[in-house]
Amino acid sequence: MTDAVLVIQKSNSQSEIWTRLLESQGLIAITESPEANLRQLLQQASQRDEMFPKLIILEMSIEKLNPYEFCRWTQENYPSLKVILTAQERIQVSEIEQRWATNQGAYQLLPGFDYAHLPLSLTQAMEVIMLAVNQTKWKQESLVPIVEELTAEFGNSGEKATVLQASEDLAQESVSSPQTAEAITNASGDKRRGLKLKPKVKRFRGLPY
């Protein structure tokens, strides 16, 4: 049976990006409004024997939502359901935030997409998603054209840089040594820290960036 993923994001563009990424891997993307009552939705799906999601991708900055409280509630009532929190307004999250999110019941806290290096950012996000749904052998060749399309539509000028992104770009100009930045988050759960620098490598899983 195909796994379903419930997607709740603040903007239509974010929902569209996630939907197209998920569908490239044969997953069913169920998008809901950020105004939706998530607890009620899950309860109804469970009671009516409807398609119950295996994973939720939830933007943590949605108004009137306590993401950590929701994660605790989910773990208590649906322990097999995983919740990945997203912080789409930032391209970095600290180790402290990561640990706190997982301690509160989240599977992982993902930073927002880095529109300056979108192919790499999208691919790494999907690696986390596929691990969360227990699919280690996924269709990476199917992801390539989707990532290329999304990069053409949203890359670089696709969305305005946040204050944090702008400050990082300014700080980058004064950096003289690559040792000041650490590796980007990978599927093994390594955390991204430090200043944003242009990647040394030119391709990632066949994707230029």
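The model is a predicted one.

Start with the secondary structure. The protein chain contains 7 helices and 7 strands. Followed along the sequence, these elements come in the order β-α-β-α-β-α-β-α-β-α-α-α-β-β.

Next, consider the chain as a whole. The protein chain has 209 residues, and 43% of them count as buried. Contacts within the chain can be sorted by how far apart the partners are in sequence. Among contacts with a separation of 6 or more, 71% are between residues 24 or more positions apart.

Now look at one pair of helices. Two packed helices are described by the angle between their axes and the distance between the axes. Helix 2 covers residues 38–47 and helix 3 covers residues 67–77. Their axes lie 11 Å apart, and the packing angle is about 20°. Because angles under 35 degrees count as roughly parallel, helix 2 is roughly parallel to helix 3. The crossing of helix 2 past helix 3 is right-handed.

Which residues of helix 2 and helix 3 make the contact? From helix 2 come Leu38, Arg39, Leu42 and Gln43, and from helix 3 come Glu69, Phe70 and Trp73. Sorted by class, this contact of helix 2 with helix 3 consists of 4 nonpolar, 1 polar and 2 charged residues.

How values were computed: Residues numbered from 1 in each chain as written. Predicted model: local features only at pLDDT ≥ 70, side-chain atom pairs only at ≥ 80, totals over all residues. Heavy atoms only, no water. Helix = DSSP H or I, 4+ residues; strand = E, 2+ residues; numbered from the N terminus. Buried < 20%, exposed > 50% of the residue type's maximum accessible area, 1.4 Å probe, protein only. Contact = heavy atoms within 4.5 Å. Axes fitted to C-alpha atoms, helices over the stretch in contact; angles between N-to-C directions. Parallel < 35°, antiparallel > 145°, perpendicular 65-115°, else oblique. Left-handed = near helix turned anticlockwise from the far one by under 90°. Nonpolar A, V, L, I, M, F, W, Y, C, P; charged D, E, K, R; others polar.
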